[in-house]
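Good morning, colleagues. Please keep the structure in view as I speak.

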Amino acid sequence: PERIAALLRITASGDGFGEAALVVDPALRSIGIVTLLLERVGLDTSAPGGWLDTGVHTLTAWAQGNHPATGRISNRFLIPRTRRVWKLIRATDSVEDAAGAPVLEPISASALDDLGWASRLSTTVACHALREGGRVIGAVALDLAPVLSEEFGCCATVRSVANAPNADARHRRQLLNGAAAIAHEACRTGLIIHVDSDDSRLVNACRLADFQHDRTDVLLQLVGHA
């Protein structure tokens with residue numbers, strides 16, 4: 001019988017830009033539903049009305065988990081993969097064995113604005129700062145809302161990280177270890193962070209702070225001309 005196989009939502013942000021989100025009925029996955037869709041409607045975003053008359057000429061979509069089907073579709077239809085974000089995760093109980101995990105102090109949004117380099121840090125959750133020599137050398141936005149992981153249990157999430165221009169790898173590692181200590185005190189057994197794969201400094205700090213790879217999210221992008 002006829003049924004809805006998938007749902008596609010396009011959110012236009014103006015000036016011809018838009019973001020797509022697509023979900024497929026779990027019972028109908030891995031049989032080529034998205035491939036069939038793209039074969040039928042095409043990928044021409046340069047038409048006057050944009051893709052599917054949505055007004056969107058530059059369309060992005062995140063493939064969470066970098067599923068093998070994502071790679072096949074990207075390769076078959078020549079859809080560029082423009083960004084990769086790694087979901088990294090670590091246990092928090094290891095901070096007990098660390099020689100005195102740095103103590104981070106709460107910091108207000110107004111204090112972050114005064115720092116300049118930290119003004120873009122997410123302030124929708126509690127922020128904590130790392131001090132050295134009386135100066136703030138780094139700050140982290142930490143969300144303690146529980147996120148369940150099959151391997152690590154109940155996890156907190158680092159929403160964003162910022163460091164002073166003169167901060168080095170040691171400071172970034174201390175900041176992450178301090179965030180893990182706060183999560184541990186809040187009875188969170190794991191800590192999650194999402195890192196752009198091109199951010200070599202933060203990637204290196206995460207490795208030093210015992211994070212391990214859990215998932216890769218890939219940004220697909222179609223670009224046309226109005």
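Predicted model: local features only at pLDDT ≥ 70, side-chain atom pairs only at ≥ 80, totals over all residues.

I begin with Ala-180, which counts as buried because its relative accessibility is 0%. Buried means under 20% relative accessible area, exposed means over 50%, and partly exposed lies in between, with a 1.4 Å probe and protein chains only. Ala-180 belongs to helix α4.

Residues are numbered from 1 along each chain as its sequence is written, and side-chain values use heavy atoms, with hydrogens and water left out. Helices (H or I, at least four residues) and strands (E, at least two) are DSSP runs, numbered from the N terminus.

Let me turn to the sheet. It is an open sheet of 10 strands with mixed pairing, in the order β1-β2-β3-β10-β4-β9-β8-β7-β6-β5. Two strands are taken to pair if DSSP finds at least two bridges between them. At the edges stand β1 (6–14) and β5 (105–106), each pairing on one side only. Strand β5 is joined to β6 (residues 126–132) by 2 bridges, and the two run antiparallel. Within β6, Ala-129 is the bridge partner of Glu-105.

Strand β3 (residues 58–63) holds Thr-60. Thr-60 counts as buried, at 17% relative accessibility. Beyond its neighbours within four places in sequence, Thr-60 is in contact (heavy atoms within 4.5 Å) with Gly-18, Glu-19, Ala-20, Leu-219, Leu-220 and Gln-221.

Helix α4 lies across β4, β6, β7, β8 and β9, and runs at about 40° to β7. For that angle, axes are lines fitted to C-alpha atoms, for helices over the stretch in contact, and angles run from 0 to 180 degrees between N-to-C directions.

Which residues of helix α5 are buried? In α5 (residues 200–208) they are Leu-202, Val-203, Ala-205 and Cys-206. Seen down the helix axis, the buried residues fall within an arc of 165°, so they line one face of α5; the arc is that of the directions from the axis to the C-beta atoms. On the other side of α5, Ser-200, Arg-201 and Arg-207 are exposed. The cover over the buried residues of α5 includes β4 (81–91), α4 (169–185) and β9 (190–196). Just after α5, Asp-210 has a positive phi of about 75°.

Next, the nonpolar cores. Such a core is a set of buried Ala, Val, Leu, Ile, Met, Phe, Trp, Tyr and Cys residues joined through side-chain atoms within 4.5 Å. The largest one has 25 residues, of which Val-158, Leu-176, Leu-191, Ile-193, Val-195, Cys-206 and Phe-211 touch the most other members. At least two residues of this core come from each of β7 (135–149), β8 (153–163), α4, β9 and α5. Helix α4 gives the largest share, 6 residues. Apart from this core lies another, of 11 residues, including Cys-127, Ala-129, Val-136 and Ala-162.

Finally, the charged pairs. A salt bridge here is a side-chain nitrogen of Lys or Arg within 4 Å of a carboxyl oxygen of Asp or Glu, and by this rule there are 8.

One of them joins the side chains of Asp-25 and Arg-3, at 2.7 Å from N to O. This pair links distant parts of the chain, 22 residues apart: Asp-25 is in the loop between β2 (17–24) and α1 (33–41), and Arg-3 is in the segment before β1.

Another joins Lys-87 and Asp-214, whose closest N and O atoms are 3.4 Å apart. Lys-87 lies in β4 and Asp-214 in β10 (residues 212–223), so the pair ties together parts 127 residues apart in sequence. Lys-87 is buried, with a relative accessible area of 16%, whereas Asp-214 is partly exposed at 39% relative accessibility.

A further salt bridge is formed by the side chains of Arg-170 and Glu-132, at 3.1 Å from N to O. Because Arg-170 lies in helix α4 and Glu-132 in strand β6, this pair ties together parts 38 residues apart in sequence.
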